[in-house]
Amino acid sequence: MSERPADLGFRWPAEWDEHAATWIAWPHQRADWPGKFAAIPWVFAEIVRHLHRSEPVGILAPTEAAVGRIRGLLARCGIDLERVQLVVCPTDRCWLRDSGPIFVRSLTTGEVAVTAWGFNAWAKYVNWRLDAKVPDFMQRHLRLKGWRPCLGARRVVLEGGSIDGNGRGCLLTTEQCLLSDVQARNPGFRRQDYERVFADYLGASKVLWLGRGIVGDDTHGHVDDVARFVGPRTVVAALEDDPRDDNYGPLRENFERLQGMADQEGRKLEVVPLPMPEPVWFAGQRLPASYVNFYIANQCVLVPTFNDPRDRKALGILSELFPERKVVGIHAVDLVWGLGTLHCLTQQQPLAGGLATPPAGGVATDGGV
């Protein structure tokens, strides 16, 4: 398509806007959780159990044979299978936030469409070609209009976890992820190149650039472990209070940057600190544990927890920010061994026709897959 989404009035909705469904890809890559994989399908089932009460859940199953096993496991967990749609779509990994499409919606008609970005497995893994096909597959399955974002003739590589938005045209990202020399997503791309692409395909009128991500992050600085919009001009930002911790300096710098930033209309941001959990280690490796990797569903907010005294504090802060949604902790100590948690594995499909951006704490109604 020659016209870009923004030309036709499309924009990336906020995560708290009404969803037609949440999509996940079922885990099957045992090498992502060496020694811990047996627990992971049960963690996913717990996530689905909470989500399906809020909205329909779409699941990409890696094979036809896997469909029956997944249905059986979900049924054992008391999940209403009428609220779950299983679709066979081969994948390399389950991190659908990054490999899946980013949905946009028309500001005038409410039509929902797909932006299918390039994917190269964070420029770190050799097995990514199945994941790279997921956006096109979902566009066909859902029968939606779609675009493959390009700058000139060049396809743009982008993961959904590298950006966050307020649904009004303001985006958050990090310099470490998109601008550092070693990121190998779009070599040679400059700040203005990304801002142009975000404007064309996501309707972004302003991009807020933070510095670095957290220690242990396999994605080289994704913003969804660092800072997230929870309202049109309210941002939660991770803060580490131990000066000896490697996250202390970078997170404090990000927090200070946010305090000096404004939204797309020039209004100063409200910045809410969210604690970091104690460092989580396994097999000598520090893992990317962060409460910021929460997921906002229609009627609940799922938050990773880590058997940490700070779990309660983080859940309390988010409960105050989302008073009309149920804030639920999901045990993520095993899950984070795969180097991602709740936001990394989910992707929201906006509800078509939902034109208004409600307050972040507003209760949204269910839609169909």
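View 1. Residues 24 or more positions apart account for 78% of the contacts in the protein chain with a separation of 6 or more, a contact being heavy atoms within 4.5 Å. This is a predicted model, where local features need pLDDT of at least 70 and side-chain atom pairs count only at pLDDT 80 or more, while totals for chains, interfaces and linings use all residues. Numbering starts from 1 along each chain as its sequence is written, and side-chain values use heavy atoms, with hydrogens and water left out. The protein chain has ten helices and 21 strands; these are DSSP runs numbered from the N terminus, helices being H or I with at least four residues and strands E with at least two. Its radius of gyration is 19 Å, close to the 21 Å that the globule rule gives for 369 residues, so the chain is as compact as a globular protein of that length. That radius is taken over C-alpha atoms, and the rule is 2.2 Å times the number of residues to the power 0.38. Along the principal axes, the C-alpha atoms fill a box of roughly 50 × 50 × 45 Å. Of the 369 residues, 62% count as buried (buried is under 20% relative accessible area, exposed over 50%, partly exposed in between, with a 1.4 Å probe and protein chains only). The accessible surface comes to about 14,000 Å², and 50% of that belongs to carbon and sulfur atoms; the areas come from the Shrake-Rupley method with a 1.4 Å probe, and for residues only the protein chains shown count as cover.

**View 2. Strand S19, covered on both faces.** Six of the six residues of S19 (residues 300-305) are buried, so the strand is largely enclosed by the rest of the structure. Cys 300, Leu 302 and Pro 304 lie on one side, Val 301, Val 303 and Thr 305 on the other, and all are buried. S19 pairs with strand S18 (residues 295-296) in the antiparallel sense over two bridges; strands count as paired if DSSP finds at least two bridges between them. A hairpin of three residues takes the chain from S18 to S19, and Ile 296 has Val 301 as its bridge partner.

**View 3. From S19 over H9 to S20.** Here S19 pairs with strand S20 (residues 326-331), this time in the parallel sense over six bridges. Val 301 turns up again, standing opposite Val 327 in S20. Together with helix H9 (residues 310-321), the two strands make a right-handed β-α-β unit. For handedness, point the strands away from the viewer: the crossover is right-handed if the path from the first strand over the helix to the second runs clockwise.

View 4. The structure holds 23 salt bridges, each a side-chain nitrogen of Lys or Arg within 4 Å of a carboxyl oxygen of Asp or Glu. One of them joins Asp 17 to Arg 105, with the closest N and O atoms 2.7 Å apart. Asp 17 sits in the loop between S1 and S2 and Arg 105 in strand S5 (residues 102-106), 88 residues apart. Both Asp 17 and Arg 105 are buried. Another salt bridge brings together Asp 32 and Arg 93, at 3.2 Å from N to O. Asp 32 is in the loop between S2 and H1, Arg 93 in the loop between S4 and H3, and the two are 61 residues apart. Asp 32 and Arg 93 are both buried too.

View 5. Arg 191 and Glu 175 meet at 3.3 Å, N to O, in a salt bridge. Arg 191 counts as partly exposed at 33% relative accessibility, and so does Glu 175 at 22%. Elsewhere, Glu 15, Arg 97, Asp 164 and Arg 228 are linked in a network of salt bridges.

**View 6. The surroundings of Pro 101.** Pro 101 belongs to the loop between H3 and S5 and is buried, with a relative accessible area of 0%. Leaving out residues up to four places away in sequence, Pro 101 touches Val 114, Thr 115, Pro 135, Met 138 and Gln 347.
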